[in-house]
Each structure stands twice: as structure tokens, then as C-alpha cells.
Amino acid sequence: GGGGGGGGGGGGGAQSHGHPLVAHCGAVSRWYRFSPDKAPLHTGALLRLLLLPCKGDPRHELCALTETPEGELSLVCGEAEWFSAWCAATPSGIQAADGDGWVPIKVGDDSTPLSEVGVIAAQATVLSPLSIPLLYHSTFGFDFTFVPLENVGAAIAAFDAAGYAVRREDSPPPDQDTDWPSG
């Protein structure tokens, strides 16, 4: 997506980009981290979560694994009871971020150009006066602003007041319908 850092173009007035926002309130996401040297302990769970879901596993609005040069693996994904249980039961576990989760707000209906400047800054300008934190994640085609679950109503109202076209979706994505062969 076109997050591109968030510099320039965000100050003054309402939105500096014309992208509508879709708040996926039924798709609460969680943030996790773990050390790359512990990744082999979690291979099966991560494969199931990221690439090979079981039939009935929840779909994620966004599911991404990111590695930093400092040696941290960060994971963002939707709520999955089986994965939470796995994290709690694994001795060299995956650390979950505190809080009730984050709501993904998708930027744009089709895609956000990678070269677009100011998208993050424009949204931060709206949320900052209300002390609403945001996390941002870009993909090739889309950007997602994440706000804490407890702040989603205030964030939607603030975006609406700032002139954004914002739509709220309360139903979660459907469960996976893929049933991978075993063995």
C-alpha cells in the first residue's frame, strides 16, 4: 500500500487523500512477538495460521509475519482461540501484546498506490488530538490503520467528523472453507 512512511501532505484540514475507510470491527486483531531462534518450536502453528488453515479456522482481515534486523519476529493476525491456547501452552512462548486487541481499518476500496505520500500523517492528525494510538501496516495493494478496540467508536467518529467516508462492518470474516488433505 501507499503508507510510505507518512511524511508530508497530512497537515491542515481534513483528509489529504481520497480513500474511503472501512472499519472491520468484527475482525479484531492481535499482535505477537517472538525470537527467531524460537521459531522452530512454532513452525506447525505458524504454518497453520499463515498458510495452511484448517477447515473452520477463522479468516483474518490481515495476517502478517515481519522480521526485524534486531532479531524480533512480529505477527499480526485475527483472533484464533486455538492459536491463543498454543501461545499460552508453549514454554518458549510467543508474547502477546497487552490489551483487548486492535481493529483494522482498511484504507481504500481497491488499492492504495505505493507512491502515495501523507496517508498515515493525515490519519494521525485526526486521531492524535484524542490520544488514540494507531499502528499501521501496508501491503502491496492495501494499507491498514489499527486502533485499539476500546477506541474504535471514537476513531470512527473522528474520521467521520474530519470528512472521511468511513463504513463500519461488524461481522467477522467467514471461517476458512479449506480442508487440506491429511497425511
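**Entry 1: a loop residue.** I started with aspartate 57, which sits in the loop between helix 1 and strand 3. Helices (H or I, at least four residues) and strands (E, at least two) are DSSP runs, numbered from the N terminus. Before going on, I noted that this is a predicted model, where local features need pLDDT of at least 70 and side-chain atom pairs count only at pLDDT 80 or more, while totals for chains, interfaces and linings use all residues. I also noted that residues are numbered from 1 along each chain as its sequence is written, and that side-chain values use heavy atoms, with hydrogens and water left out.

Is aspartate 57 buried or exposed? I found it buried, with a relative accessible area of 7%. Buried means under 20% relative accessible area, exposed means over 50%, and partly exposed is in between (1.4 Å probe, protein chains only).

Next I checked its partners. The side chain of aspartate 57 makes a polar contact with the side chain of arginine 48, at 2.6 Å. A polar contact is a pair of N or O atoms within 3.5 Å; within protein, one must be able to donate a hydrogen and the other to accept it, and residues adjacent in sequence count only if both atoms are side-chain atoms. I also saw the backbone nitrogen of cysteine 54, 2.9 Å from a polar atom of the aspartate 57 side chain.

Leucine 52 is in the loop between helix 1 (43–50) and strand 3 (64–67) too. This one is partly exposed, at 41% relative accessible area.

**Entry 2: helix 3.** Why do I call helix 3 (residues 119–127) largely enclosed by the rest of the structure? Because seven of its nine residues are buried. Among them I listed Val119, Ile120 and Leu127. The cover over the buried residues of helix 3 includes strand 1 (21–24), strand 6 (102–107) and helix 4 (152–161).

**Entry 3: rings.** I counted five aromatic pairs in the structure. In one, phenylalanine 144 and phenylalanine 146 have ring centres 6.4 Å apart and planes at 35°, so the pair is tilted. Rings of Phe, Tyr and Trp (its six-membered ring) pair if their centres lie within 6.5 Å; planes under 30 degrees apart count as stacked, over 60 as edge-to-face and the rest as tilted. Phenylalanine 159 and tyrosine 164 form an edge-to-face pair, 5.1 Å centre to centre with 65° between the planes.

Phenylalanine 144 is buried at 5% relative accessible area, and phenylalanine 146 is buried at 0%.

Methods: Contact means heavy atoms within 4.5 Å.
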